[in-house]
Amino acid sequence: MNARTGAVLRSHGPGQQLKAEEVELVAGPGETLVEMRLAAVTQADRSVLAGKQPTQPVVPGSEGVGVVVASADLEPGAPVLIRGEGVGVTRPGLWGRYAVVPDAAVHRLPAELDAVVALALLTPALTAHTAVRRVAAVLDGETVVVTGVTSLLGRLCAAMARAAGAKRVIGLAWVGEAVDAAAPLVDQIVRVDELGQVGRELPWCDAAIDTVGGPVTSGVLGQITPGGRIAVLGYKAGEFTTIDLHQLIGRDLRVLPVNLQRTVLEPGAVSEALAAVAPVQVRLDVEVVTADRAGDALDRIASDRRVFLDLTGF
């Protein structure tokens with residue numbers, strides 16, 4: 001039997017100090033025992049610790065990185081990323097030296113990715129994977145357009161399209177926008193003007209991944225081949241667009257929303273997504289704090305910064 005001790009929070013909520021209690025952790029059938037290295041600090045953790053969920057005891061942490069101690073599927077010492085299956089939400093999470101999690105929540109960490117980078121890229125990589133692989137269903141040999149290609153999500157979508165077998169990847173960028181980071185990921189850059197009008201040099205494409213919306217969506221639709229599709233996952237350029245119904249029906253085009261809340265991850269999706277985006281060079285705003293500063297970490301969450309707990313000294 002593989003067992004370790006872990007911590008649960010017996011006191012949490014408004015005006016309370018966090019109080020932990022040691023418990024024995026034993027992995028049962030269908031579970032993996034993981035020695036934790038890092039855990040993300042999220043808004044969900046803040047809600048739990050604010051007392052908005054009455055269940056006690058509680059262990060926060062829905063995303064993290066560690067190494068396998070005992071598993072029926074993976075060898076001891078294998079670096080893994082943990083996410084899904086209710087971890088940190090409906091069952092104990094990852095804020096501890098060890099964690100027992102469902103096998104389906106354990107995903108092998110690609111060797112080419114640093115643990116901090118992998119954890120920081122997890123959400124945008126899964127978004128790109130869902131848009132390119134699941135919704136747009138990009139196929140070998142296709143030409144794919146990615147709007148907003150200079151953003152992190154745009155670059156990850158371009159890398160994902162290439163990994164899916166796209167023959168040509170075209171990136172759309174705003175006039176005057178620097179494209180140095182995106183250029184190595186695409187075959188051609190097409191500019192979009194201040195009004196959202198797409199350059200006439202945009203070639204015909206089989207599929208499009210639209211991260212910006214607004215008038216850009218309409219411009220891209222005009223260049224999709226019969227039977228093609230556009231996966232829409234953003235609207236930074238505007239919540240409204242114009243669709244030519246004659247064009248839509250006559251060319252049998254599909255406009256497909258990317259809704260992550262309604263998407264169930266397939267087995268292997270996390271590892272596949274991270275492996276596909278590993279070649280992308282990114283600069284991430286990440287802060288790693290020691291586990292004893294968990295309370296401070298909750299106050300440092302921001303939309304443009306990821307905060308992680310270093311659990312190695314827990």
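Here is a walk through the structure above, from the whole chain down to single residues.

Keep in mind as you look around that this is a predicted model. The confidence score, pLDDT, averages 86 over the chain, and 88% of the residues score at least 70. One stretch calls for care: over residues 7-16 the pLDDT stays under 50, although the model has 40 contacts there beyond four places in sequence. Where pLDDT is low, the predicted coordinates should not be read in detail.

Now for the chain as a whole. Its 314 residues include 48% that are buried, and its secondary structure consists of seven helices and 15 strands. Among contacts with a separation of 6 or more, 64% are between residues 24 or more positions apart.

Let us begin on the inside, with Val 146. You will find Val 146 in strand β8, which spans residues 143-146. Is this residue buried or exposed? Val 146 has a relative accessible area of 0%, so it counts as buried. Its contacts show what surrounds it: beyond the neighbours within four places in sequence, Val 146 touches Gly 154, Cys 157, Ala 158, Val 169, Ile 170, Gly 171, Leu 172 and Ile 209. Take Cys 157 from that list. Cys 157 is eleven residues from Val 146 in sequence, and their C-alpha atoms are 7.0 Å apart in space.

Next, turn to helix α6, which runs over residues 269-277. Which of its residues are buried? They are Ala 269, Val 270, Ala 273, Leu 274, Ala 276 and Val 277. These residues lie on the same side of α6, because they cover an arc of only 160° around the axis.

Ile 243, Leu 245, Ile 249 and Val 255 form a nonpolar patch on the surface, and together they have about 370 Å² of accessible area.

Charged side chains come next. Side chains of opposite charge can pair when their charged atoms come close. The whole structure holds eight salt bridges. One of them joins Arg 91 to Glu 31, with 3.2 Å between the closest N and O atoms. This pair links distant parts of the chain, 60 residues apart: Arg 91 belongs to the loop between β5 and β6 (98-102), while Glu 31 belongs to strand β3 (residues 31-41). Both partners are partly exposed, Arg 91 with a relative accessible area of 24% and Glu 31 at 23%.

Strand β3 also holds Glu 35, whose side chain meets that of Arg 97 in a salt bridge at 2.8 Å, N to O. Why does this pair tie together parts that are 62 residues apart in sequence? The reason is that Arg 97 lies in the loop between β5 and β6, whereas Glu 35 is in strand β3. Glu 35 has a further salt-bridge partner in Arg 37, at 3.4 Å from N to O. Through these shared partners, Glu 35, Arg 37 and Arg 97 are joined into one network. How accessible are its members? Glu 35 counts as buried at 17% relative accessibility, because the cut-off for buried is under 20%. Arg 37, with a relative accessible area of 30%, is partly exposed, and Arg 97 counts as partly exposed at 21%.

A last stop is Ser 71, in the loop between β4 (63-70) and β5. Ser 71 is partly exposed, with a relative accessible area of 23%. Although Ser 71 and Leu 33 are 38 residues apart in sequence, their C-alpha atoms are 6.6 Å apart in space.

Methods: Residues numbered from 1 in each chain as written. Predicted model: local features only at pLDDT ≥ 70, side-chain atom pairs only at ≥ 80, totals over all residues. Heavy atoms only, no water. Helix = DSSP H or I, 4+ residues; strand = E, 2+ residues; numbered from the N terminus. Buried < 20%, exposed > 50% of the residue type's maximum accessible area, 1.4 Å probe, protein only. Contact = heavy atoms within 4.5 Å. Arc of directions from axis to C-beta. Patch = residues over 30% accessible without salt bridge, like charges linked within 9 Å, V, L, I, M, F, W, Y side chains within 5 Å. Areas by Shrake-Rupley, 256 points an atom, 1.4 Å probe, with all protein chains shown as cover. Salt bridge = Lys/Arg side-chain N within 4 Å of Asp/Glu carboxyl O. pLDDT = per-residue confidence, 0-100.
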